[in-house]
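Here are my notes on this model, written as numbered points. Keep the structure open next to you while you read.

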Amino acid sequence: MKLSRQFTVFGSAIFCVVIFSLYLMLDHLQLDHTKSPNNGGDKLQNGQLSILQDKIDRLERLLSENNEIIANIRDSVINLKESVKDGRGGLDGGNMSQGPYLELLASPPLVLPIDSQDCQFATREFSKPADGVQLLDVYDLLTFDNHDGGVWKQGFDITYQDNEWDSEPLQVFVVPHSHNDPGWLKTFDDYYRDQTQHILNNIVVKLHEDSRRKMIWSEISYFSKWWDNIDNQKRDAVKSLFEQGQLEITTGGWVMPDEANSHYFALIDQLLEGHQWLERNVGVKPQTGWAVDPFGHSPTQAYLLKQAGLANMLIQRVHYSVKKHFASQKTLEFFWRQNWDPASSTDILCHMMPFYSYDIPHTCGPDPKICCQFDFKRLPGGRVSCPWRVPPQPITDGNVQQRVQMLLDQYRKKSKLFRTKVVMVPLGDDFRYAEALEWDQQFQNYQKLFDYMNSHPELHVKAQFGTITDYFNALRKSSIDPGHASASLPVVSGDFFTYADRDDHYWSGYFTSRPFYKHLDRVLESHLRAAEILYSLTLANIQRFGKLNDFPAVENNRLLTEARRNLGLFQHHDAITGTGKDMVVIDYGTRSVVVYNPTEQDRTSVVTVYVNTPHVCVITDHGHPVPAQVSAVWDDSTTASTELSFVAQVPALGLGLYQLSTAVSGGAETAEYVFLRQGGGLSVNMKHFTVNIPQDASTPLSIHNPHIQIWSSPTTGLMERLKLKENGSEHQIKVEFAWYGTTSNRDKSGAYLFLPDGEAKMYSPARSPVIRITKGSVFSEITTTFDHVTHTLRLYNVQGVEGQAVEICNLVDIRREFNHEIAMRLASDVDSKDRFFTDLNGFQIQPRRTMAKLPLQANFYPMTSMAYIQDPGTRLTLLTAQSLGSASLVSGQLEVIMDRRLNQDDNRGLGQGVLDNKVTPSTFRLLLEKRKPSPLSYPSLLSHVSSLYLNHPLISMAVSTEAQSLSLSAFTPLASSLPCDIHLVNLRSIQSKVNDGGGPSDEAALILHRKGFDCAFSNRNTGLLCATTQGKIHTEKLFSELRFQSIIPVSLTLMHTTEGGSSKEEIRLKPMEISTYRVQLT
């Protein structure tokens, strides 16, 4: 459980990915040009590696805690530099790019071409199954009254008749498990050393002692570390346990991920990493998901497990009132279906655990006082005991009958909450079974109980140890008739947020806790994806020309794998649940800037670099000038250095090249500044820029671009109104800030819980803020410097996608506060009533309803990439670059919690408050769109692509141009943009099974997602450079030069080959579908 995260591990991951992506991108450019006959190639290589060396040096200063890791990587880079010095060849016969792309990308069409059939998805309505359950409807029904249920405090009294099992005996599967958090109160390595390695060692010894014993394991991060440290004899023993069905891998991801804050890219990546490790090392294919500890559950995870080939899943942390309702209706076992699925293609069989926790006192039945007596680790004399003060008893011939009756009573009562006579009883807890004694205590005593039950037919019970899949197999046999899709189990749609475990204790605080790391996580995801794609493209081209010796494929693959696994660790439910721009510096002379576009769309976006002079110009690699603006970089509210922003046009997944040089005249335009402060007293220290400090500061402030005009308060600088120029419509949209305190009750807000002291209080700074208005040819902005927040509203003066939205940046610093949480609120005239919408994991939209019957904190939900409100004519969308908690507490409002500083633990095991706050950036895009009413709700195409651009900004790198004669050029890997609604999730190299050195194979995983979108929005002047194609991609036309040698449809994580699917010539995706292909490029 748990939020504490070690920056060391995550910092090293960032370091690996940045180093690798820089090296890869620069090396990629080198491949086009080392065929030059002169020796300038050596100069270029040295220049590139010197830039890389500079990057390392800077990161060393930032990541001082990672000295040992950084030193090792640094040594490998130095060795790499020496090997490049000694290298000779290049690609004699082939330029990897298609040649220089057109000077300017094609202008966006006036009207976006959308195939009419692509609009049908968001307009169709379908009836839910007769036995279907929609979670929103359940919330309408529930009173959330929290009556005392007796021994089952959050439930009700359960009764049964003794003869109910006479015709069909009760089947009991006791499932031993050990939940191993990869970092919580200790680090990953400390947990492994102190506990986890001993648990895994005991599994091998103790399961072999008795073939009736079973065990399940989930976290491959631990399992792989252990596997690497055991000998072949022990490995063979483990494989035999898998073959005999005694040991089962459940889920098989790198970690048990958080399901609220994690983006679906990271969820897929950690699942893929775990499954690929299993396939390479043990040949195991997981069948069942096991998620006992994430704090609420998302249907996105259910969909991903289904796409990966899993048939079943288990969840635990669900609101206690929802559990009670599901138990009363006997719907705790159900087919979980996606909201958009009109049939049953996304159904996965799900078991919801009914009681408070996954520990032994709360799993055998409704009475924890009795169940605790069957946790034999708590026998008298041990280190843990039962809080109900009735200890377990060793099972003997003298007491076995009485103890069986006690336990069987609990089993029978638990079974009454389900529709079949098959019951599952987990037997475990956090880091259990670390000692051989516990194995003997649990397994020997339970076997005595089972032997007695099974030898007395009058009890009508068959009890045994089992894996979770053993249980699901019996459940399916009992509940589903052969030849029929489903029989007695219901269909459920929706999500299980926001979680409450008792009283008004809603776990909505962790949606925002430690936002600095949530921001860092998203940056790492983008860098890792960029590195994955470029690596795969580079490798394919290298293999195409037979120059494998010229590319350090094995070393780079090792770095990529390390980065994947560090990102995977951070998706753990105790990590993510808890940086500013790394800007390129152009400090002298003439430099080339390489710009990488990590998106699958041809793109026009603004790139910003630091410069040491305002007299600079930007040209393309063909000498044409580029729109550019020199602005001030503000050290505080009134002193500054210099930066350069220019409009880059870069092909999809490609590299663009721009040259920056000193200009005596005719260079980039300089921004102009206006400063305001109520009461005056301003002194601005700057040169090179025009500064105006007006005496009359009462006129509303305004900035605009070709699409939007906004007005802000002259007192606060905060936005008040927004106008869409296309149709002239004007809307009230006010930005506000507010404080939440924590309750005065005994239980207070902490890392997990949000327990406010009432409604938020408006933020009122102690002194008047400094307001700075920037006006320029590339962007204009209004920045307000408050005591706790530096708030910026920016408009980009571009015709592309980024000109359609207001960029909002908040730099938050609450390090001096005491039990305070700071929120940004958007108050608009949109008549949204009590409805709003948040995304789940950046994958799908979930409708929300603000309910007065719930406490304030219950109406906050996770926002991974967007939230919006709407009325019949307008939608207001807030796109986010980091996961945060969001709500719409009043009609027309959207609100996000930006940071939390809490001085106490919230009694959920962490043992500390949230006091390690950092100065944290939060970045958003605000999109106002006119719409027509539609029955279902999906993002617009513009919203999808805007979110993509926000989360995957252009990546810029400075390159020395000492070797002027080499004339670098652009790289255009795709023949054209992908369709607007298709996202390339990843192009991920697959590790070779036969190469012990950890090198890549000649295959890659191509993962595509077709996004569901709503056509009820204007398709004029969107700035998009793409079209829709009914989900079709012609594979022969995808790449500019590479071709598919093979393309095989597979399950999400490549463990299963799927039937039918796409041909080699065409890929076809259904709306919302994520599909994976095993491909060979040549």
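Predicted model: local features only at pLDDT ≥ 70, side-chain atom pairs only at ≥ 80, totals over all residues.

1. Start with helix H8 (residues 264-281) and helix H9 (residues 299-307), which pack with their axes 11 Å apart and at an angle of about 40 degrees. Helices here are DSSP runs (H or I, at least four residues), strands likewise (E, at least two), and both are numbered from the N terminus. The axes are lines fitted to C-alpha atoms, for helices over the stretch in contact, and the angles run from 0 to 180 degrees between N-to-C directions. H8 and H9 therefore count as oblique (under 35 degrees is roughly parallel, over 145 roughly antiparallel, 65 to 115 roughly perpendicular, and the rest oblique).

2. Residues are numbered from 1 along each chain as its sequence is written, and side-chain values use heavy atoms, with hydrogens and water left out.

3. Now the rings: the structure holds 54 aromatic pairs. One of them joins Trp152 and Phe156, 5.0 Å centre to centre with 50 degrees between the planes, and is tilted. Rings of Phe, Tyr and Trp (its six-membered ring) pair if their centres lie within 6.5 Å; planes under 30 degrees apart are stacked, over 60 edge-to-face, and the rest tilted. Trp152 is buried at 6% relative accessible area, whereas Phe156, at 25%, is partly exposed (buried is under 20%, exposed over 50%, partly exposed in between, with a 1.4 Å probe and protein chains only).

4. Two arginines sit over rings. The charged end of Arg794 is 3.6 Å from the centre of the Phe779 ring, and Arg875 lies over the face of Tyr868, 3.9 Å from the ring centre. To count, NZ of Lys or CZ of Arg must be within 6 Å of the ring centre and within 35 degrees of the ring normal.

5. Next, some backbone spots to check. Most residues other than glycine have a negative phi, and most peptide bonds are trans. The peptide bond from Phe497 to Thr498 is cis, with omega near 0 degrees, and Thr498 is in the loop between strand E11 (491-493) and helix H15 (515-544).

6. Which value does phi take at His460? It is positive, near 55 degrees, and His460 lies in the loop between helix H13 (436-454) and strand E10 (461-465). Gln1030 has a positive phi as well, near 60 degrees, in the loop between strand E42 (1000-1010) and strand E43 (1032-1034).

7. Last stop: Thr662, in strand E18 (residues 655-662). With 54% relative accessibility, Thr662 is exposed. Its C-alpha atom is 9.6 Å from that of Arg591, which is 71 residues away along the chain.
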